[in-house]
Amino acid sequence: TGIFGQMIHAYRVLNNNQEPEAALIKAAMMVGADDLGTKGPDYNYGYGRVNGNNAVRVLEERTYFSDTVTQNGDASFNITVPAGCANAKVMVYYTDNEAAAGASRALINDLTLSLTDANNTTYLPWALLKSGRTAASVSAPAIKGVDSLNNHEMVEIDTPTAGNYTIRIAGTAVPQGPVKFY
């Protein structure tokens, strides 16, 4: 909570006292976290331990985008990964409405994140196994693949090749109108 409060203060200082959206602050904290446990997100540590310095750097360096996407629509952004980068992380996060009581799926809107390099290699986000919620599935490491169960997805590349990359956020299922994302 303290880091969240400091992030709000930092955003205000950087943006003429404007209020940030909670989704942006949460996304910056998640993408800036120090990974713990197994590689990628897991059921014990989530994305890891919050690193306030990394999270504020996202705000200071404005390494975030905001847009909306609709059903079957998409948004693309170009980024440049510098030489010598040890780790590149790209995340999409959006606030989703709650599902109806007893719904088979908690997620209403589903956005899909991918990252493509200059050689047309496409990287998919981390995804946790959800089948059966058995002891084996909740202790299994995350895999790279399509995640249609969460309102946040993160692509991570260790020792990425320097160059231009394209971030794509697709509106896979957006029944409730445009969804704003970070």
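A: Two residues are in contact when heavy atoms lie within 4.5 Å. This is a predicted model, where local features need pLDDT of at least 70 and side-chain atom pairs pLDDT 80 or more, while totals for chains, interfaces and linings use all residues. Residues are numbered from 1 along each chain, and side-chain values use heavy atoms, without hydrogens or water.

Start at Leu 59. Leaving aside residues up to four places away in sequence, Leu 59 touches Met 7, Tyr 11, Leu 14, Leu 24, Ile 25 and Tyr 64. Leu 59 belongs to the largest nonpolar core, which has 25 residues. Such a core is a set of buried Ala, Val, Leu, Ile, Met, Phe, Trp, Tyr and Cys residues joined through side-chain atoms within 4.5 Å; buried means under 20% relative accessible area with a 1.4 Å probe, protein chains only. Met 7, Leu 59, Tyr 64 and Met 91 touch the most other members. At least two residues each come from α1, α2, α3 (52-60) and β3 (87-93). Helices are DSSP runs (H or I) of at least four residues, strands (E) of at least two. α2 gives the largest share, 8 residues.

Phe 77 has Ile 167 in β9 as its bridge partner. β2 and β9 (residues 163-173) pair antiparallel over 8 bridges; pairing takes at least two DSSP bridges.

Back to the helices. α1 (residues 2-14) meets α2 (residues 22-31) through Met 7 and Tyr 11, among others, and α2 answers with residues including Leu 24 and Ile 25.

Note on methods:
Axes fitted to C-alpha atoms, helices over the stretch in contact; angles between N-to-C directions. Buried < 20%, exposed > 50% of the residue type's maximum accessible area, 1.4 Å probe, protein only.
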